[in-house]
Amino acid sequence: HVDMYAIPVFRRETRFGTLFVHRDITREYELDLMKSELVSTVSHELRTPLSSVLGFTELLLSKTMKPEKQLKYLETIHREAQRLTDLINDFLDLQRMESGTQQYCQQPLNLSELVMGVIDQYKVGGTHNFLFEDEASNAEVEVDRDKIVQVMTNLLSNAIKFSPGASEIKVSLHNEAERIIVQIQDHGLGIPKNQIGQLFQKFRRVDNSASKRIGGTGLGLAICKEIIEKQKGSIGIESEEGEGSTVWFSLPVLHSPGSRHEDEPMKP
Ligand code: ADP
């Protein structure tokens with residue numbers, strides 16, 4: 001984006017030329033765009049859960065009702081308050097990412113165990129079935145545990161959220177050229193081909209009615225990308241609209257059983 005203006009140039013009161021000034025305003029333009037996206041996301045995503053918290057608390061305060069009904073309303077209030085907390089945490093993460101103050105605490109760990117631990121949390125009372133296929137057992141990576149848990153949580157909750165009618169989600173791990181690859185495959189709504197590439201940008205969401213109905217901030221994938229790339233990995237999506245999506249990320253392997261050291265001669 002370029003801002004251009006023209007200045008007439010005079011010498012002894014005679015105009016003899018024009019000076020054209022071109023200024024690259026891409027950064028300003030992007031900041032403006034981000035601000036307006038932020039305002040619309042905040043106004044929608046904060047107001048919806050807040051009005052439901054207000055509405056249900058008012059109902060509870062104004063009427064006597066059966067305990068079962070009270071419990072149902074309280075559960076809704078709790079869920080909506082949780083949504084607000086998640087949203088605020090996403091905003092804070094994003095702010096830390098932008099200002100470069102996000103701290104990483106690297107430690108060697110077994111990625112299969114970490115992934116399995118996150119899946120287990122979703123299994124209890126959930127709506128979806130998880131298949132776990134581990135072809136990289138005991139492969140170690142050096143990462144910030146909490147951040148990778150955050151990535152897994154984001155990707156699994158997207159897989160669940162965007163596959164309301166298809167209950168099976170497959171998570172698999174395998175090795176490929178000194179990297180360990182984690183894939184999360186769902187059979188849900190899928191993503192139109194022309195929109196896949198943009199979804200790792202902040203606030204980007206699939207532009208259709210199904211996606212709008214489901215709701216979200218459009219920050220999750222941007223946060224995942226930042227975390228994975230900071231740990232020398234990469235992340236991507238493959239998807240067929242109406243068929244489902246596979247989101248994958250890869251991380252450098254620290255050790256895996258049978259993995260060869262750089263200076264070790266290759267066995268015939
Ligand atoms: P959010 O889920 O809060 O909207 P994300 O950044 O996590 O934000 O995802 C951005 C968008 O990418 C989603 O709104 C959705 O349109 C699309 N998306 C992400 N994961 C999936 C998936 N597994 N299946 C279909 N669409 C997805």
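Leaving aside its neighbours within four places in sequence, which residues is Phe20 in contact with? In this predicted model, Phe20 is in contact with Met4, Tyr5 and Ala6. Phe20 itself belongs to strand β2, which covers residues 14–24. Separation along the chain and separation in space may be set side by side here. From Phe20 to Glu30 there are 10 residues in sequence, and the C-alpha atoms of Phe20 and Glu30 are 24 Å apart in space.

Helix α3 comprises residues 111–123 and helix α4 comprises residues 145–161. The axes of α3 and α4 come within 10 Å and cross at roughly 45°. An angle under 35 degrees would count as roughly parallel, whereas 65 to 115 degrees would count as roughly perpendicular; α3 and α4 are therefore oblique to each other. The crossing of α3 and α4 is right-handed.

Which residues make this contact? On the side of α3, they are Leu111, Leu114, Val115, Val118, Ile119 and Tyr122. On the side of α4, they are Arg145, Ile148, Val149, Met152, Thr153, Leu156, Ser157 and Ile160. Sorted by class, the contact of α3 with α4 holds 11 nonpolar, 2 polar and 1 charged residues.

Helix α4 also contains Asn154. Is Asn154 buried or exposed? The relative accessible area of Asn154 is 17%, and a residue counts as buried when this value is under 20%; Asn154 is therefore buried. Not counting residues up to four places away in sequence, Asn154 touches Gly220 and Cys224.

How many disulfides does a search of the whole structure find? The search finds 0 disulfides. The case of Cys105 shows the reason, because the closest cysteine sulfur, in Cys224, is 19 Å from the sulfur of Cys105, which is too far for a bond. A disulfide would require the two sulfur atoms to be within 2.5 Å. Cys224 likewise takes part in no disulfide, and the cysteine sulfur nearest to that of Cys224 is the one in Cys105.

Cys105 has a relative accessible area of 51% and is exposed, whereas Cys224, at 0% relative accessibility, counts as buried. Cys224 is thus a buried residue that is touched by Asn154, itself buried and part of helix α4.

Methods. Residues are numbered from 1 along each chain as its sequence is written. This is a predicted model: local features need pLDDT of at least 70, side-chain atom pairs count only at pLDDT 80 or more; totals for chains, interfaces and linings use all residues. Side-chain values use heavy atoms; hydrogens and water are left out. Axes are lines fitted to C-alpha atoms, for helices over the stretch in contact, and angles run from 0 to 180 degrees between N-to-C directions. Helices (H or I, at least four residues) and strands (E, at least two) are DSSP runs, numbered from the N terminus. Angles under 35 degrees count as roughly parallel, over 145 as roughly antiparallel, 65 to 115 as roughly perpendicular and the rest as oblique. A crossing is left-handed if the near helix is turned anticlockwise from the far one by less than a right angle, and right-handed if clockwise. Contact means heavy atoms within 4.5 Å. Ala, Val, Leu, Ile, Met, Phe, Trp, Tyr, Cys and Pro count as nonpolar, Asp, Glu, Lys and Arg as charged, and the others, Gly among them, as polar. Buried means under 20% relative accessible area, exposed over 50%, partly exposed in between (1.4 Å probe, protein chains only).
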